[in-house]
Amino acid sequence: MSEKAFLVDISKCQGCRGCQVACKQWNGLPGEKTTFFGGPEYTNPANLSALTWNHVVFYPLDKSNPERPVWNIKHTKCYHCAEANCIAVCPQMAISKVDGWTVIDQEKCIGCGACVSACVYKVPGLSEINHKNDMGQLIIHRGKSHKCNACTLNKRDIPACVSTCPSGALQFGHRQAIIKKALKRVKELKKDFPNASVYGLDEFGGLGVITVLRDKPEKYGLPVGKDAQKIDLSQFDSINSIYHTLSVFTMGIPYLQKKAYTVAKALAGAGKKA
Amino acid sequence: MTNHWIDIQHADVVMIIGSNAAENHPISFKWVQRARDKGGKLISVDPRFTRTSSLADLYAPIRPGTDIVFINGIINYALQNDLIQKEYVVKYTNAAYLIDPGFAFNDGIFSGYNPAERKYDKKTWKYQLDADGIPLKDESLQNPQCVYQLLKKHMSRYTPEKVSAATGCPVDTFKKVAELYTSTHKPDRVATILYAMGATQHTIGVQNIRSYVILQLLMGNIGLAGGGINALRGESNVQGSTDHAILWHILPGYLDAPKVFGPKKDTDLKTWIANNTPTTKDPMSVNWWQNKPKYMISLLKAWFGDNATKENDFGFDWLPKASKPHSHVHIYEELYAGSKIEGAILMGTNPVVGGPNSMKEARSLEKLNWLVCADLWETETSIFWKRPGANPKTIKTEVFLLPMASSVEKEGSVSNSGRWAQWRYKAQNPPGEAITDLDFIDRLFRAVRKLYEDDVKAGKKVANPDPILKAYWNFTPEGHHEPDPHMVAKEINGFEWKKNGEHGDQIENFTKLTDDGKTVCGNWLYSGSYNEDGNNMARRSKKDKTRMGMYHGWAWAWPMNRRIIYNRASVNMKGEPWNPKKPVIWWDGDEWKGDVPDGPAPAGEKLPFIMLPEGVGRLFAPTLNDGPFPEHYEAVESVTRNIFNSQQYNPAVSLYPGTQGEFGTSARFPYIGTSYRVTEHWQAGAMTRNLPWLDELVPDMFCEISPSLAAKKGIKNGDKVIISSQRGSIETYALVTERVQPLKVNGQMVEMVGMVWHFGYGGHASGSSCNFLTPQCGDPNTFIPEFKVFLVDIRKA
């Protein structure tokens with residue numbers, strides 16, 4: 001686990017989406033070609049993806065307390081789990097912890113998609129395009145998996161999303177101090193919102209993103225309890241053992257490695273059914 | 001802003017009305033949130049539940065165009081329950097002043113109304129004077145002719161029930177707002193009002209702001225930290241451009257532009273001074289504008305140098321004189337009707353998206369022989385000749401699009417809403433052939449002057465060459481090709497004028513300006529910004545000796561580096577802060593401490609509102625064109641009748657002659673149309689609709705409607721819809737949201753169609769323009785168009 005953590009206080013988020021844009025700017029990511037698709041409120045694009053590592057979700061107005069309608073707006077990115085499913089399932093060991101943050105090594109990634117299906121938060125995505133930043137460096141690799149790396153790769157002391165946030169909804173600091181802040185804030189919020197909660201203390205061994213919510217985590221579709229524990233790896237163990245056998249023949253060529261993984265997955269699935 | 005951004009943190013109550021600060025001024029929320037973190041409360045008053053409302057402690061919905069009703073209701077609540085800061089009101093406002101017995105108000109009409117001209121003669125809107133010419137007062141506030149009693153009577157009609165009936169805000173919600181807001185009448189509790197175009201873009205726009213002023217004066221909140229009236233300016237340097245006279249009726253520093261229409265004609269310098277310089281006989285009044293002649297003559301010296309002499313009125317004759325109003329709509333109406341205007345230069349403006357009834361403005365441009373657009377990108381205006389539905393072959397206008405430098409590609413000052421002029425350095429060179437605005441204007445002027453000179457030399461007859469040939473124009477250092485922004489800034493600050501264009505010392509500040517032609521000053525308000533101490537706008541000290549977030553060593557604020565204007569109203573007559581926990585200034589027995597005070601006179605010797613001849617704040621304002629007190633009138637296009645008087649719309653508003661037949665009725669267009677911006681795009685969109693990161697967030701034009709209206713019209717979230725007004729129709733997407741709700745108004749449910757107005761047919765992300773639908777009518781004081789309330793219909797496309 002990282003010594004540091006993000007604080008996401010959605011009771012202070014004004015939905016300006018400066019974080020979504022700053023992330024693209026500092027990481028050299030392209031704007032996605034979107035349309036007005038009739039999603040929830042201003043949400044666009046619909047989800048996190050290989051090209052959008054930082055995403056703001058606008059929930060419908062909650063009028064359950066007519067005296068105090070609530071419009072929840074939530075910043076979302078990789079939660080940087082201490083015990084991360086993506087790390088556990090990656091057959092190439094392409095995902096690892098760098099200074100405590102979960103980072104994908106593009107040299108090693110074969111684009112098998114194991115991390116994409118293993119992440120309960122639906123964070124990583126496979127890119128359909130190559131994309132270079134303004135300096136001509138290849139940032140997005142076609143067919144490979146991408147996501148937030150907590151700005152470890154662009155070497156910012158304070159991640160771009162946090163430094164652009166005007167209202168203090170995003171903060172960054174030592175994890176223990178951030179947790180203390182979050183607990184204090186929830187105590188204040190309970191006056192107006194009795195179900196206010198802190199999310200990320202224990203999920204997946206403790207998250208690198210501590211979130212202050214006006215309501216229970218379930219209300220925001222966040223997994224809790226058993227759903228927020230490290231994945232049962234037995235299935236992946238058999239996939240990975242078949243894959244490692246097959247990968248001898250791939251000669252390190254990513255395309256063949258990806259094919260080998262697909263075959264391994266099919267074989268392991270067949271074995272399970274049998 | 002009377003105050004400044006950082007100061008918002010000191011408010012106990014922040015009311016955001018006619019503004020959506022969280023979306024359109026996102027950084028302001030750093031300070032709004034800071035106020036909330038300290039226990040302050042945020043009230044959001046808005047027709048829609050916005051991103052601002054999402055962080056509010058109290059949200060009050062109101063029908064667009066009913067701010068006066070809502071605020072007058074709070075004023076009435078304060079007056080009926082005696083929740084006012086009494087000492088402040090008696091000493092620092094005109095509450096105690098007696099008004100002429102001829103003044104009257106009856107059924108929406110003030111005394112002096114001429115219905116044929118739709119204009120007021122303001123002769124009864126005045127104070128009773130004693131033998132020495134000083135206003136008569138009754139500090140017990142009992143005299144029925146005193147402003148306090150007249151105000152109380154005027155406001156008494158705005159009861160909570162009637163407020164609710166007109167605005168649609170539930171009575172309970174209104175009362176909660178009134179109770180919370182008026183809690184700041186106590187000297188040690190302060191509220192601030194943040195407003196923007198939602199308040200001003202109405203035919204009652206100025207009176208909307210007047211209602212805020214009256215409320216703040218009654219609460220004793222002006223001049224205090226965390227108080228004031230705070231206009232959030234919508235562009236990074238719109239404060240600076242207004243200070244430097246972007247509007248037709250003012251010269252730099254809010255000096256009156258000479259005019260030769262109306263009862264007072266400014267035919268020469270003497271009459272201009274007599275017509276525009278206020279006088280007072282009250283020894284307690286500072287009446288700062290008595291210095292106006294010094295500022296005007298120093299400005300004329302800046303413009304005409306040695307050619308400006310006492311004998312020739314310092315070149316006053318060379319100034320253009322307005323023979324009629326020349327506001328935005330006036331100019332386009334005139335163009336449309338066919339005028340002498342042959343060409344136009346549009347810099348950083350995109351009226352085909354931003355102007356009212358913008359398709360008509362596009363058609364007006366066809367009347368021009370030539371048009372120069374100077375901008376960062378191609379704008380809808382620069383391609384008006386190939387807009388949808390137009391045939392370029394039939395349009396004669398020759399159009400030039402000049403590439404300009406962006407704000408980071410040039411050096412100069414930017415004045416923020418809090419009046420801080422901050423110097424910026426150039427970060428990089430502009431691309432390609434792009435040049436700065438300053439370079440463009442400088443080259444243009446010099447080229448024009450050369451043409452005049454050549455013609456005069458050749459003995460040709462030249463009409464009125466003096467304003468061009470006599471101008472003093474010296475902004476390029478010797479041996480350089482480009483003008484230097486420092487030379488412009490130095491002239492704005494002012495310097496001593498020696499003969500033959502020789503500059504003396506920089507002027508210390510505007511108190512050193514004279515009316516004898518020995519000083520030059522391009523804008524008296526900015527005098528002090530670039531004096532012998534250097535470029536004060538470039539200062540970057542983070543020290544704050546006041547510990548109140550004033551940062552006097554960071555940049556420079558007009559006037560005189562004062563961070564809160566009218567700050568002498570923050571103390572009582574003894575010079576003690578009303579709110580000792582958050583002092584702005586205080587008198588220590590010998591001198592003022594804290595912020596730069598509004599004048600050096602010892603405590604108790606002068607009145608605090610130094611820009612008004614009375615020296616006190618105006619609950620009763622005798623100078624506006626539509627009445628001394630704010631009264632509710634409906635918008636020109638409205639879904640309902642006015643329940644406060646039998647005037648339907650502002651009786652001082654005259655519709656432009658060319659707009660006949662351009663207004664619709666609620667029978668045909670039954671819904672309220674309104675317009676606004678979103679965080680993700682900026683103004684008419686040229687600067688943001690060409691940025692893919694922002695287009696990703698908001699790729700298309702859309703409108704917002706309630707689920708009930710959507711159900712009635714068979715519209716689902718994400719459907720395409722057609723919205724029409726008397727002036728045209730557009731196709732766009734619908735966002736169906738609970739954040740928009742029908743309101744119960746005068747017994748009937750009324751629905752609203754809200755639209756973002758950033759889009760147009762050009763650019764990377766294009767979409768329909770909301771302003772195809774908006775009307776050309778405006779406020780009788782400022783002529784600002786009524787963008788915020790109009791009538792529309794909507795159907796599924």
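Predicted model: local features only at pLDDT ≥ 70, side-chain atom pairs only at ≥ 80, totals over all residues.
Local features need pLDDT of at least 70, side-chain atom pairs count only at pLDDT 80 or more, and totals for chains, interfaces and linings use all residues. Residues are numbered from 1 along each chain as its sequence is written, while chains are lettered from A and ligands numbered from 1 in the order in which they are written.

**View 1. A parallel, open sheet in chain B has the strand order β12-β13-β14.** Strands are DSSP runs of E with at least two residues, numbered from the N terminus. Two strands pair if DSSP finds at least two bridges between them. On average, neighbouring strands are turned by 15° against each other, direction ignored; axes are lines fitted to C-alpha atoms. Five parallel bridges link β12(B) to β13 (residues 370-375) of chain B. B:Met347 faces B:Ala374 of β13(B) across the pairing.

**View 2. Strands β17 and β18 of chain B form a hairpin.** Residues 495-497 make up β17, and residues 503-506 make up β18. Two bridges join them in the antiparallel sense. B:Trp497 has B:His503 as its bridge partner. Five residues lie between the strands. In the turn, B:Asn500 has a positive phi of about 60°.

**View 3. Chain A meets chain B through 30 residues of chain A and 29 residues of chain B.** Contact requires C-beta atoms, placed from the backbone, within 7 Å. Helix α1 (residues 18-27) of chain A gives the largest share of the chain A side, five residues. Helices are DSSP runs of H or I with at least four residues.

Notes:
Axes fitted to C-alpha atoms, helices over the stretch in contact; angles between N-to-C directions. Contact = placed C-beta atoms within 7 Å.
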